[in-house]
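Work through the exercises below with the model open. Try each task before reading its solution.

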Amino acid sequence: MSARTGFFATVFSLLAAGSAAATSPADFLYGHATDGSNLPFRYFVPPGYDDAQAYPLVLFLHGAGERGNDNEAQLGNNANGALQLLGDAQLALQPVFMIAPQCPTDGWWSGATLASAIGLVDQVAAAYHIDPDRVYVTGLSMGGMGTWSAVTAQPDRFAAAVPMSGNGDTNAAAAVASLPLWFFHAANDPTVGVDGSDNLVAALRNAGANTVYTRYDSGGHGIWSVAYAHPLLFPWLVSQVRGGSGSPLPPVLRITAPTAAGAWSTQDPMIDLGGSADNDGEPIESVDWDRAGGASGAATGTTAWSADGISLVEGANLLRVTATTPSGHAAWGGHTTFNDSLRVTRTGPPPQPGSIVAAINAGGGAYVAADGTPYAADGLFVGGSTQVSTHAVAGSDDDALYNDWRYGNFAYHIPVFDGPYTVELQFADTYNSAAGQRIFDVAIEGTTVLHDFDIIASVGADVATVRRFDVDVGDGMLDLAFSNGSAGSARIDAIRVIRAGGDSIFADGFDG
């Protein structure tokens with residue numbers, strides 16, 4: 001055992017024992033932003049500060065209930081539990097600074113207010129020796145949303161982030177896919193729905209991110225005192241270094257075979273994966289794998305795991321391996337999941353003209369259509385929500401395919417070989433009843449192909465329609481973007497992608 005490993009083992013035992021917070025709001029100094037905003041903030045200087053050392057810094061963003069200008073409320077209830085990051089054991093492991101700005105009464109953690117809050121890092125760093133590669137951001141409720149906004153606004157600023165009980169724009173996920181994030185939320189949150197974190201985590205993992213997510217079954221909105229006390233959270237946080245040059249501590253899962261790198265190329269139709277999962281000795285309930293937009297299954301083993309015979313499609317494949325553990329709070333139940341990803345390129349001849357290279361049941365599970373097309377469960381999406389209905393659908397023998405859908409502002413990114421394709425977009429409006437209630441746009445490869453599209457105005461309510469578009473892909477990824485228009489939300493029921501070229505005959509018998 002190395003000295004570093006032994007030290008962390010000692011501190012982990014202290015954290016697990018539930019050490020009391022040693023820091024209170026009285027230990028924080030007062031300040032105001034000097035950028036012209038006069039934003040009030042409090043800041044904590046660790047005891048024994050030594051200017052010869054560089055210190056990590058935590059930027060804490062409070063919730064909506066603590067807004068104001070008294071420069072006090074943001075630290076109320078020990079910052080709603082966040083001061084547990086400054087407990088005795090935590091400061092023994094790693095002394096840190098904390099900045100806690102206060103958002104104006106009618107403000108939000110966005111725009112100029114958020115920029116001023118982030119700018120406080122530079123203001124404090126002008127007076128103290130702050131390590132620019134170990135700046136972290138966390139927040140709860142409105143501050144959880146602000147945490148996501150902070151990292152997406154300045155993705156190169158932070159080394160890690162911990163959003164709690166928040167939500168955000170999933171379209172920004174790809175820009176921060178390399179940033180370590182640990183989300184916390186409760187399934188029964190009545191104030192900010194858990195789908196806010198669910199969607200962000202899904203979008204990140206669909207973008208290839210390795211993300212930690214603690215999702216309690218209960219606990220409501222105010223989970224923060226329990227979440228900030230998670231014994232692995234602080235060690236995990238301060239082990240992160242901007243640019244990924246640190247040695248992250250648990251929870252962590254690693255794919256090490258056939259490579260520990262993030263990408264692999266092979267001519268084989270299948271691949272075997274292997275690796276490890278570390279939850280600091282706590283139980284790991286399962287390890288599972290999936291190919292984005294395709295097959296999935298259980299791995300063998302937990303702390304050391306393997307998954308053999310995973311089939312690959314020709315071209316790009318995103319493989320993900322995810323460990324599931326208890327949440328760390330037995331009374332609330334739930335689970336913590338953490339993952340690793342591997343991008344695999346299967347080389348070889350491109351698909352033959354007329355072959356179906358992707359079929360996705362948007363918003364639903366795996367489904368075999370009447371014509372024999374096997375649709376994969378919804379995947380490869382970023383953003384949006386899902387809904388279901390039970391309507392009879394005219395114009396199709398696949399009512400089930402059109403009774404679950406994805407809606408809102410969202411995108412699909414489908415890995416394919418470069419070359420020509422025909423994209424089939426399958427629609428039916430089983431929610432609205434009249435024209436003018438849903439009008440939206442669709443773009444493929446950055447080009448708008450449907451503008452002010454109204455399904456009901458086009459074919460009527462509860463009627464299936466398929467729109468086909470010829471595209472050429474040159475970067476290995478087919479990009480589809482769906483955007484809300486002047487009324488209602490964008491919607492898609494299913495997607496089918498067919499290799500074009502030659503005299504293509506589509507699977508449904510119609511010529512291209």
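**Exercise 1. The interface of domain 1 and domain 3**

Task: find how many residue pairs are in polar contact between domain 1 and domain 3.

Solution. The count is 2 residue pairs, both at pLDDT 80 or more. A polar contact is a pair of N or O atoms within 3.5 Å; within protein, one must be able to donate a hydrogen and the other to accept it, and residues adjacent in sequence count only if both atoms are side-chain atoms. The model is predicted, so local features need pLDDT of at least 70 and side-chain atom pairs count only at pLDDT 80 or more, while totals for chains, interfaces and linings use all residues. Residues are numbered from 1 along each chain as its sequence is written, and side-chain values use heavy atoms, with hydrogens and water left out.

Now the area. Interface size is often given as the accessible area lost when the parts come together. Domain 1 and domain 3 bury about 510 Å² between them. Of this, 46% is on carbon and sulfur atoms. Buried area here is the accessible area (1.4 Å probe) that two parts lose on being put together, summed over both.

**Exercise 2. The nonpolar cores**

Solution. Start with the term. A nonpolar core is a set of buried Ala, Val, Leu, Ile, Met, Phe, Trp, Tyr and Cys residues joined through side-chain atoms within 4.5 Å. Buried means under 20% relative accessible area, exposed over 50%, partly exposed in between (1.4 Å probe, protein chains only).

The largest core has 56 residues. Those with the most contacts inside it include M98, M164, Y228 and W305. Helices (H or I, at least four residues) and strands (E, at least two) are DSSP runs, numbered from the N terminus. The core draws at least three residues from each of domain 1 and domain 2.

Then take Y228. Leaving out residues up to four places away in sequence, Y228 touches F60, M164 and L233, among others. Another core, of 44 residues, lies apart from the largest one. F41, Y55, L59 and C103 are among its members.

**Exercise 3. Two side chains, S116 and R406**

Task: decide whether S116 and R406 are buried or exposed, then list polar partners of each side chain.

Solution. S116 lies in helix 4 (residues 111–125). Its relative accessible area is 7%, so S116 is buried. The side chains of S116 and S37 are joined by a polar contact of 3.2 Å. Beyond four places in sequence, S116 touches D35, S37 and L39.

R406 lies in strand 22 (residues 404–415). It counts as buried because its relative accessibility is 4%. A polar atom of the R406 side chain lies 3.3 Å from the backbone oxygen of G384. The R406 side chain also makes a polar contact of 3.5 Å with the side chain of Y412. Further neighbours that R406 touches include D378, F381 and R491.

**Exercise 4. Backbone exceptions**

Task: say where the cis peptide bonds P250–P251 and A257–P258 lie, and where D280 and D452 are placed.

Solution. Recall the background: most residues other than glycine have a negative phi, and most peptide bonds are trans.

- P250 and P251 are joined by a cis bond, with omega about 5°. P251 is in the loop between helix 8 and strand 9 (252–257).
- A257 and P258 are joined by a cis bond, with omega about 10°. P258 is in the loop between strand 9 and strand 10 (263–266).
- D280 has a positive phi of about 55°. It sits in the loop between strand 11 (270–278) and strand 12 (286–291). At 30% relative accessibility, D280 is partly exposed.
- D452 has a positive phi of about 50°. It belongs to strand 25 (residues 447–453). At 43%, D452 is partly exposed.

Definitions and conventions. Domains from an automatic or database assignment. Contact = heavy atoms within 4.5 Å.
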